[in-house]
Amino acid sequence: MAQPDTKKIFFENLSGAGKAIAVLTSGGDAQGMNAAVRAVVRMGLYVGAKVYFIHEGYQGMVDGGENIKEATWESVSSMLQVGGTVIGSARCKEFRTHEGRLKAAHNLVQYGITNLCVIGGDGSLTGANLFREEWSGLLSELVGQGLIEDEAVQKNSALHIVGMVGSIDNDFCGTDMTIGTDSALHRIIEVVDAIMTTAQSHQRTFVLEVMGRHCGYLALVSALACGADWVLIPEMPPEDGWEDKMCQKLSANRAGMKRLNIIIVAEGAIDHSNKPITTDYIKDLVVKCLGFDTRVTILGHVQRGGTPSAFDRILASRMGVEAVFALLETTANTPACVVSLCGNQSVRLPLMECVQMTQEVQKAMDEKRFEEAVKLRGRSFENNLKTYKLLAHRKPESELPVSNFNVAVLNVGAPAAGMNAAVRSAVRVGISEGHKMFAVSDGFEGLSKGQIREIKWADVGGWTGQGGSLLGTKRTLPAKHVDKIAEQMRKNNINALLIIGGFEAFESLLQLYEARATHEELCIPMCMLPATISNNVPGTDLSIGADTALNAIVETCDRIKQSASGTKRRVFIIETMGGYCGYLASVGGLAAGADAAYIYEEPFDIRDLQANVEHLTEKMKTSIQRGLVLRNENSNENYTTDFIYQLYSEEGKGVFDCRKNVLGHMQQGGAPSPFDRNFGTKISAKAMQWITKKLVETFRQGRVFANTEDTCCLLGMRRRALVFQPVVQLKGDTDFVHRIPKEQWWLKLRPLMKILAKYKTSYDVSDSGQLEHVVRNRPKESDASGAM
């Protein structure tokens, strides 16, 4: 396939020839570890290094023998979608002793392994760093015992360590997300959504215990994602008398016609006296005080199991490749580092700085400095906590500020999972800020017809987990209805507008901005939140709904590939949505392990198609049994899905047969993923706070008047930051004919997909992470924690 413009600096600076890399998984398992192992192996082999598996973690390193095996390209096939870790994981007491580490060093030297990629938690990574610090001393001991020669010491003089954090608890400081966390949230939310249906039928209260002995991330984010009534986490012990407050809240919700209550408890939840708060204690309390029919569900190891989510596969693949880069670039003086995620960017941080801060969190909790513990967890955790408090606990009317501002919220364009979570968040934050909130049905068409009503706190209860658009949405742009829209804005005294939608929403905001010159009613603060499965809105790396669509694609691809299990060799041609934007095909292809993905942004011709068929034919003859090819619906008007299917069928005769599948609107349906629920919730809350600020700034002489560029903005994630950008400034970044941004970050992931599919290609490492330092509190403008 034709290549995007990349800086071809890969082979000049980053050759792995003569190097040996070993990968191991240690401690508790986490979904996505296999994707990380696969990426390390294939990228390592790609650069010419030898790559080894160390089975059973540090125990395998100590025992040696059959536990250390050389990896091949084929040995990591068909593992991307498998949960847990196929190379095994074990906690090893012997490695904690000097004698154990001496044995491990001897085993590594026998294979010439001086580069270790460790996937595990803070304990595993701390052990790796100690091993690295002792390395030269261990080799000297081995020489003294006559187990190795001096020549071996010279060849293996330094041990290089790179870590990736695999932990469902997300309890490691320095990274926004650890491998496995998103998948664990998927398991929790699947259970909560199922429980809510039975709870509603019987008007029951459910108390759910989720994992998190020392960290409440899973409990907190799942509570945010399902709109739980109460959450208990180790970092925020409830104040004395919390039992009465909780019962009052549950009772008030029932009085407000809510038929169920959900309480989520982290397994390590404690009160201010460090006394554990158990699910049984809460159940007995609710039964005794309220008489509600109450059940307890302990999720346990269900959270660790199952297939990894699309997010975890992509995260682990990116981290695995970054880990190989880090190992190739390291020198004897480079400290051991850990590959982390900051916003939407891979970064490298000194391993021990992260470990020390992680240990400081526990120390702060032990010493009852809980506010400090929350801050040390990072801005992402802190924002999750603030947002949950803002949305779950309504202040009494007497405590609300009185703003006298009316704010309208509407959906524009095609439905996207997570839109309803964003609307709920906007309504509740708006009410908390003292505004009167209005809901507009059916987008700008509905607004022009006066389909606008006040919406209250309780009206959006239960919206978080529902797919589609409950407000109703249409693609109609406002330009032809602008007079009627202005009239309705004046009639309802609308002082600010929040628009949630895709490319149509972006175009609509531009039209409204331009109409300010002739319609004073539109001189109000206006903000747009990107929500589209296509992820084709300029000014943002991610859109609400895209993660849910990716998961639908990946789950379907997994099933389709499995359907050919045990049959003859088969290639599947899959068509995805996205208009002219190839995000779903490309990133879905990376997450599903595709062999090729055809998109509009990367033109291709018959020669590229022929080369892909030949490449796949060669792979089919030697190793793999199933092939996967994705095609974006508008990638090429002549090379249609049918054409590509027929071409592959004809050219693959005698080697493989072909099947095709058009995924269609299943990509747009379904309940939103945890990521989309939380992304929508948090950026919507941030947008409402921005609107409040702009309303105050632009209120003069008894009315709101906002006609500057910075009062008509799109809120998007750009690399590490959530940024408000004037839509007028984004016009130059946009291809309006094809409805895509002119520059798209994910195009840099395409060579990665090709490399992992065994293509020879150039790879742009200019965006690769550089070693940074842990920052205790990132400045607010750099806050990208809206991601999760």
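User: Where is the kink in α5 centred, and about how many degrees is it?

Analyst: The kink in α5 is centred on W135 and comes to about 55 degrees. The bend at a residue is the angle between axes fitted to the seven residues ending there and the seven starting there. Helices here are DSSP runs of H or I with at least four residues, strands are runs of E with at least two, and both are numbered from the N terminus.

User: Before I go on, what am I looking at?

Analyst: A predicted model, where local features need pLDDT of at least 70, side-chain atom pairs count only at pLDDT 80 or more, and totals for chains, interfaces and linings use all residues. Residues are numbered from 1 along each chain as its sequence is written, and side-chain values use heavy atoms, with hydrogens and water left out.

User: Ok, back to α5. What does it span from its first C-alpha to its last?

Analyst: α5 has 23 residues and reaches 32 Å, close to the 33 Å expected at 1.5 Å a residue. That expected span is 1.5 Å times one less than the number of residues.

User: Which residues of α5 are buried?

Analyst: S124, L125, G127, A128, N129, F131, R132, E134, W135, L138, L139 and L142. Buried means under 20% relative accessible area, exposed means over 50%, and partly exposed is in between (1.4 Å probe, protein chains only).

User: What about α11 and α20, at what angle do they pack?

Analyst: About 80 degrees, with the axes of α11 (residues 310-329) and α20 (residues 583-592) 8 Å apart. That makes α11 roughly perpendicular to α20. A310, R313 and I314 in α11 meet V587, L590, A591 and A592 in α20, a contact with 6 nonpolar residues, no polar and 1 charged.

User: Switching topic: what is phi like at N274?

Analyst: It's near 65 degrees, a positive value in a residue other than glycine. N274 sits in the loop between β8 and α10 (279-290) and is partly exposed at 33% relative accessible area. D442 also isn't a glycine and has a positive phi of about 60 degrees. D442 is in the loop between β13 (436-440) and α16 (443-448), partly exposed at 24%.

User: Last one, is C713 buried or exposed?

Analyst: C713 counts as buried, at 2% relative accessibility. C713 lies in strand β24 (residues 712-718). Leaving aside neighbours within four places in sequence, its contacts include L509, M526, C527 and W690.

Key: Contact means heavy atoms within 4.5 Å. Axes are lines fitted to C-alpha atoms, for helices over the stretch in contact, and angles run from 0 to 180 degrees between N-to-C directions. Angles under 35 degrees count as roughly parallel, over 145 as roughly antiparallel, 65 to 115 as roughly perpendicular and the rest as oblique. Ala, Val, Leu, Ile, Met, Phe, Trp, Tyr, Cys and Pro count as nonpolar, Asp, Glu, Lys and Arg as charged, and the others, Gly among them, as polar.
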